[in-house]
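Hi everyone, thanks for coming.

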Amino acid sequence: MMNQDFWSPIWLSLEVNGVASILVFVPALLAAWWMKGRSFYGKSAVETLLILPLVLPPTVVGFGLLILMGRNSWIGQAVERLFHQPVLFTWWAAVIAAVVVAFPLVYQTLKNGFESVDRELEDAARSMGAGEWQVFRYITLPLSWRSLLTGYVLGFARGMGEFGATLMVAGNIPGKTQTIPTAIYIAVESGDTRLAACWVASTVLISFALLAIVQWVKIRS
């Protein structure tokens, strides 16, 4: 029983953040590409909005998600009609919480990577008739792949550590929505510091392995 109790939050965290890291990477990639080098009225407000979850307390993010996805919201009602169940306190609620808190970090990392690409190379491609999509695909992306990898890994790691928003919108249902951070919290509250320490160690090892891969790739390239 102890073995099952130990591994369940770990596998669930990996599953949740495996999906969340993909879901957050695509919109962050598109947003970073669209905002790169672009100037328009209200750009500062838009960028502030995009990175706002990075500085907000997780409970504030969780409360916002509760309002947006609750049964009284049109989003929550649409999801419930479509899937015949509310989204709150489900596996997908944990995914959404991880996506929201990871987005600013992934977006900022990708944007910095895109802006580090030499504009003269991009302009040279445009002067030879390349469209914006071709410039992005054949120039910007290949030259900023390290930032893409770093952004993905940081987003995954950020989602692994999410606690406040996840607890508010997904709860702490063992085997269903209980991720490592919420499991650690409950274990400490119940006085089982040994089990909590094992989960802490597993999180550190997973995060260390992810960052080590990024560093190894950078050194080898």
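**A walk through the model**

Let me start with how the chain holds together: of the contacts in the protein between residues at least 6 apart in sequence, 72% join residues at least 24 apart. Please keep in mind that what you see is a predicted model.

Now the overall picture. Taken along the principal axes, its C-alpha atoms fill a box of roughly 65 × 45 × 30 Å. Of the 221 residues, 39% are buried.

Residues 12–34 are 100% helix, with 33 Å between the end C-alpha atoms. Residues 195–217 are likewise 100% helix, and there the end C-alpha atoms are 34 Å apart.

Next, please look at one residue with me, Gly 18. Where is Gly 18 found? It sits in helix α1, which runs over residues 2–35. Leaving out residues up to four places away in sequence, Gly 18 touches Tyr 152 and Phe 156. Gly 18 and Ile 180 are 162 residues apart in sequence, yet from C-alpha to C-alpha they are 14 Å apart in space.

My last stop is a pair of helices. As a reminder, two packed helices are described by the angle between their axes and the distance between the axes. Here the pair is α6, residues 119–127, and α7, residues 132–143. Their axes come within 10 Å and cross at roughly 150 degrees. Angles over 145 degrees count as roughly antiparallel, and that is why α6 is roughly antiparallel to α7. The crossing of α6 past α7 is right-handed.

Which residues of α6 and α7 meet? From α6 we have Leu 121, Glu 122, Ala 125 and Arg 126, and from α7 they meet Glu 132, Val 135, Ile 139, Thr 140 and Leu 143. Sorted by class, this contact has five nonpolar, one polar and three charged residues.

That's my tour, and I'm happy to turn the model around for anyone who wants another look.

Conventions. Residues numbered from 1 in each chain as written. Predicted model: local features only at pLDDT ≥ 70, side-chain atom pairs only at ≥ 80, totals over all residues. Heavy atoms only, no water. Helix = DSSP H or I, 4+ residues; strand = E, 2+ residues; numbered from the N terminus. Axes fitted to C-alpha atoms, helices over the stretch in contact; angles between N-to-C directions. Parallel < 35°, antiparallel > 145°, perpendicular 65-115°, else oblique. Left-handed = near helix turned anticlockwise from the far one by under 90°. Contact = heavy atoms within 4.5 Å. Nonpolar A, V, L, I, M, F, W, Y, C, P; charged D, E, K, R; others polar. Buried < 20%, exposed > 50% of the residue type's maximum accessible area, 1.4 Å probe, protein only.
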